[in-house]
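Hello,

Here is the structure I promised to pass on. Please open it first, then read my notes below with the model on your screen.

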Amino acid sequence: MKLIIREARIIDPKSPFDNKIVDILIEDDCIAKIGTGLANPENIEELKLENLHLSQGWFDSSVSLGEPGFEDRETIANGLKVAGKSGFTAIALQPNSFPVIDNQSQILFVKNKANGSATQLYPIGALTKGSEGKDLAELFDMKNAGAVAFGDYNKSQDNANMLKIALQYVQDFDGLVIAFPQDEKIKGNGVVNEGAVSTRLGLKGIPNLAEELQIARNLFLLEYTGGKMHIPTVSTAKSVQMIREAKAKGLQVTASATVHHLVFTDEKLEEFDSRHKVSPPLRTDIDRKALIEGVIDGTIDMITTDHNPIDIEHKKMEFDLAKNGTIGLETAFGALMTVLPLETIIEKLTAGKATFGIESSPIMEGTKANFSLFNPEGKKTFTTASILSKSKNSAFLGMKLRGKTYGIINQGQLLIAE
């Protein structure tokens with residue numbers, strides 16, 4: 001690959017060119033030269049886009065794609081294209097396919113499916129066999145095959161001893177355990193956040209306590225065992241505070257928050273639209289503001305889309321029966337630009353790489369060309385026509401987004417959204 005990027009503003013605090021407008025020469029998947037007014041005697045391809053900004057490639061720590069088993073929801077090939085056109089150079093794939101990704105062969109299958117894509121795929125292996133919570137899966141074998149972490153997607157580990165053993169076991173090979181926080185007995189038959197909105201709508205509520213009790217227990221276990229734990233999709237103010245205190249004690253814990261929890265509250269449920277039925281549920285504005293504070297002060301390490309395509313038969317139905325989940329790759333940047341500063345967004349979309357053991361490097365000469373391309377200016381209403389995913393279950397339909405993503409440069413490829 002040979003390419004000159006013209007007049008791009010670099011957003012990368014670790015780069016000597018941070019916030020400077022420069023030209024970048026890419027040769028053989030690496031940055032050959034950075035400067036202004038670079039000559040082009042060989043007449044190689046040039047890329048010039050309106051108000052072009054670029055950063056280190058974005059990483060999404062929680063993406064579901066369906067394949068294998070649910071290809072009607074999304075395939076790996078199309079899902080990776082969607083991610084790339086949305087600005088993501090890498091994703092962590094959740095194991096909630098059919099069969100569940102709980103062994104070495106399944107890890108290798110999804111990795112092979114991603115070969116040749118501009119967006120890199122890093123599989124998460126199931127923590128327990130079949131994600132059923134009964135027996136530990138083949139963690140060491142999956143690690144050797146390329147798994148970057150272990151967790152049962154949107155399923156909490158009710159057996160505290162099982163989680164304790166997992167945290168102890170993975171330390172032998174520097175593994176990362178993902179512990180989704182939701183006490184199923186307290187959740188019960190709840191479908192939305194427990195509060196004024198659920199009472200007004202007559203829907204069964206899920207109290208904040210369901211998340212907070214599980215986080216408290218899991219942090220106690222982590223303090224006892226040592227090791228590394230990631231708490232995904234945190235949604236309540238008290239959860240943020242407990243994680244903040246755990247970090248102050250020196251525990252190796254990281255956390256993520258979703259785009260939709262940073263942008264929306266349970267007030268969005270007034271129309272009984274199942275597109276806004278997610279797990280954990282949308283909470284109150286007090287919780288939303290606490291999440292934003294946690295993002296800004298570093299308590300929450302990364303932002304995820306928790307992209308989860310659901311077929312129309314399981315989503316467009318009675319609210320109580322509809323499956324949880326929203327797609328979010330296409331809208332991540334534009335939605336975040338409505339609630340957070342640009343520099344914070346870029347930091348939180350790139351910081352997850354370190355947690356999941358994925359290499360990254362500052363934007364400077366001699367390093368790999370791994371860029372997300374975007375324009376922070378402009379506004380656009382997100383419509384069905386804007387959806388690139390096979391499934392259309394977006395909670396962001398009708399939202400006015402700020403900025404736009406152009407695409408990515410990665411793996412020696414330029415992928416630009418139409």
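**Helix packing**

Ala 237, Val 240 and Arg 244 of α8 touch Asp 287, Ala 290, Leu 291, Glu 293, Gly 294 and Asp 297 of α10. Sorted by class, this contact of α8 with α10 holds 4 nonpolar, 1 polar and 4 charged residues. Keep in mind that this is a predicted model.

How are these helices set against each other? Helix α8 covers residues 237–248, and it packs on α10 at an angle of about 25°. The axes of α8 and α10 are 8 Å apart. Angles under 35 degrees count as roughly parallel, so α8 is roughly parallel to α10.

Helix α8 also packs with α7. Here the angle is about 10°, and the axes are 9 Å apart. So α7 and α8 are roughly parallel to each other too. On the α7 side, look for Glu 211, Glu 212, Ile 215, Ala 216 and Leu 219. They meet Lys 238, Ser 239, Met 242, Ile 243 and Ala 246 in α8. This contact of α7 with α8 has 6 nonpolar, 1 polar and 3 charged residues.

Now go to α4 and α7. Helix α4 spans residues 160–169, and helix α7 spans residues 208–225. They pack at an angle of about 40°, with axes 10 Å apart. The crossing of α4 past α7 is right-handed. From α4, the contact uses Ala 160, Leu 163, Lys 164, Leu 167 and Gln 168. From α7, it uses Arg 217, Asn 218, Leu 221, Leu 222, Tyr 224 and Thr 225. By class, the contact of α4 with α7 has 6 nonpolar, 3 polar and 2 charged residues.

How much space lies in the largest pocket? About 590 Å³. The pocket is lined by 22 residues. Closest to its centre are Asn 96, Tyr 153, Asn 154, Asn 308 and Lys 323. The lining of the largest pocket divides into 8 nonpolar, 9 polar and 5 charged residues.

The second largest pocket has a volume of about 510 Å³. It has 23 lining residues. Glu 330, Lys 380, Lys 404, Thr 405 and Ala 417 are the closest to its centre. Three elements, α12 (332–336), β16 (371–381) and β17 (400–410), each give at least two residues to this lining. Which of them gives the most? That is β17, with 5 residues. By class, the lining of the second largest pocket has 9 nonpolar, 7 polar and 7 charged residues.

**Cavities**

The structure has 4 cavities of 30 Å³ or more. I looked at two of them.

The largest cavity holds about 70 Å³ of space. Its lining is Ser 62, Gln 94, Gly 151, Asp 152, Tyr 153, Asn 154, Ile 178, Phe 180, Pro 232 and Thr 233. These residues divide into 4 nonpolar, 5 polar and 1 charged.

The second largest cavity holds about 50 Å³. Tyr 153, Asn 154, His 260, Val 278, Ser 279, Asp 306, Asn 308, Asn 324, Gly 325 and Thr 326 line it. Here the count is 2 nonpolar, 7 polar and 1 charged.

Watch for two names. Tyr 153 and Asn 154 line the largest cavity. They line the second largest cavity as well.

**Backbone points to check**

Most residues other than glycine have a negative phi, and most peptide bonds are trans.

The peptide bond from Glu 67 to Pro 68 is cis, with omega near 0°. Pro 68 sits in the loop between β6 (58–63) and α1 (76–85).

The peptide bond from Ser 279 to Pro 280 is also cis, with omega near -5°. Find Pro 280 in the loop between α9 (259–263) and α10 (285–297). Ser 279 is one of the residues lining the second largest cavity.

Asp 28 lies in the loop between β2 (21–27) and β3 (30–35).

Best wishes

Methods
Residues are numbered from 1 along each chain as its sequence is written. This is a predicted model: local features need pLDDT of at least 70, side-chain atom pairs count only at pLDDT 80 or more; totals for chains, interfaces and linings use all residues. Side-chain values use heavy atoms; hydrogens and water are left out. Axes are lines fitted to C-alpha atoms, for helices over the stretch in contact, and angles run from 0 to 180 degrees between N-to-C directions. Helices (H or I, at least four residues) and strands (E, at least two) are DSSP runs, numbered from the N terminus. A crossing is left-handed if the near helix is turned anticlockwise from the far one by less than a right angle, and right-handed if clockwise. Contact means heavy atoms within 4.5 Å. Ala, Val, Leu, Ile, Met, Phe, Trp, Tyr, Cys and Pro count as nonpolar, Asp, Glu, Lys and Arg as charged, and the others, Gly among them, as polar. On a 1 Å grid over the protein atoms alone, a cavity is a set of points where a 1.4 Å probe fits but cannot get out, and a pocket is an open set with protein on both sides within 12 Å along at least five of seven lines; lining residues have an atom within 4 Å of a point. Grid points are joined across faces, edges and corners, and a volume is the space filled by probe spheres set on the points. Angles under 35 degrees count as roughly parallel, over 145 as roughly antiparallel, 65 to 115 as roughly perpendicular and the rest as oblique.
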